[in-house]
Amino acid sequence: MVSLHAALVALALTTSADAARNRRLQDNLDVPKLYEDAEEGKLSSRVLFKIDEAHRGDAAAVADKVASILECDAAPARVFREGGKFEAAHKAAGLDLHYQVSCGKDADHTAASKETFAALMKFLDSDDHDGVALVEAEYDESLSWTPDDPSLGTQTHYDAIGMAAAWDVTKGSADVVVQVLDTGIDMSHPDLQMNIWRNEGEICGDGVDNDGNGYVDDCHGYNHADDTGTDLLGNHWHGSHCGGTIAADNNNGLGVAGVAGGDGSADSGVKLMISVGFGKTAVDGFAEALVYGADMGAQISSNSWG
């Protein structure tokens, strides 16, 4: 027969463990920041949670329990759908343990954001977190940055690659050098001023191979077709067009926007290394140009030769 003392100790230990688990879930969240963001309408209508490994066998039941505590009308659903032939690999990565439930029901976006926060707090304040490894409110997806380049609206192909969302992650980096092996780039173009690569080892126009790389006056690249470093423009606009797509100066109130053209501040976009294969007098030097780009530090080579 279990003594009263032993029973009380067991109850205290169980209560302590539950409290610790409950605190752990809340400690993983910045609740004051969540409240502030909820008031500003930054939360979506969903609460996300993950079932712990020990409850994988009854994950659906745990998910139903969580939804009930949240007091959300919608049924919980897996974040990652059944993977068919890939399901075993998905389970090995724990993707089957992630669930979501819609809680914010108000048509008004800010009101729905507040409802989501309130539902999350109901769960955090409850005394039954058993089977739940983590829980959080989902943030609403919104685009926070759009450059002011007036011709951006004509670049409708950017929608196909999710350009606006990508700019919220990165707008480019001066640490990245892109070789444009094409017809050359018009360095005098007003929308291509900040992102032209510079070979720091070369003195421009002195007729000397200052950095000893085998190329004379290759300050910004080399014209492999015409064998010159001082004329980096062939007889067509195509290279300038490609260079502009890659790194036209962004947010400068002029022309188009580049995929990685920066945010308008100095050295915020990728650098364009100019390599000419389609020159004024010849079409040549492509193999040599690719080696030049690699030798001189380009991480990417653009070759739009169609």
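**Pockets and sheets of the predicted model**

The largest pocket has a volume of about 210 Å³. The model is a predicted one: local features need pLDDT of at least 70, side-chain atom pairs count only at pLDDT 80 or more, and totals for chains, interfaces and linings use all residues. Residues are numbered from 1 along each chain as its sequence is written, and side-chain values use heavy atoms, with hydrogens and water left out.

The largest pocket is lined by 13 residues, of which S240, H241, G244, T245 and V256 are the closest to its centre. A pocket here is an open set of points on a 1 Å grid over the protein atoms alone, where a 1.4 Å probe fits, with protein on both sides within 12 Å along at least five of seven lines; lining residues have an atom within 4 Å of a point. Grid points are joined across faces, edges and corners, and the volume is the space filled by probe spheres set on the points. Four lining residues are nonpolar, eight polar and one charged. Ala, Val, Leu, Ile, Met, Phe, Trp, Tyr, Cys and Pro count as nonpolar, Asp, Glu, Lys and Arg as charged, and the others, Gly among them, as polar.

The second largest pocket has a volume of about 170 Å³. Its lining includes T146, Y158, D159, M163 and W167. This lining divides into six nonpolar, five polar and one charged residue.

Four strands form an open sheet in the order β6-β7-β5-β8, with parallel pairing. β6 (221–223) and β8 (300–302) stand at the edges; each has a single partner strand, so one side of each lacks a neighbour in the sheet. Neighbouring strands are turned by 25 degrees against each other on average, direction ignored. Strands (E, at least two residues) and helices (H or I, at least four) are DSSP runs, numbered from the N terminus. Pairing requires at least two DSSP bridges. β6 and β7 (residues 271–276) pair over three bridges, with G221 opposite I274 in β7.

Two helices accompany this sheet. Helix α7 (residues 238–247) packs on it, touching β5 (177–182), β7 and β8; contact means heavy atoms within 4.5 Å. The direction of α7 makes about 160 degrees with that of β5. Helix α8 (residues 286–295) lies across β5, β6, β7 and β8, at about 170 degrees to β5. Axes are lines fitted to C-alpha atoms, for helices over the stretch in contact, and angles run from 0 to 180 degrees between N-to-C directions.

Strand β1 (residues 43–51) pairs antiparallel with β4 (residues 132–139) through six bridges. β1 also pairs antiparallel with β3 (residues 98–102), over five bridges. K50 stands opposite L134 in β4 and opposite H98 in β3.
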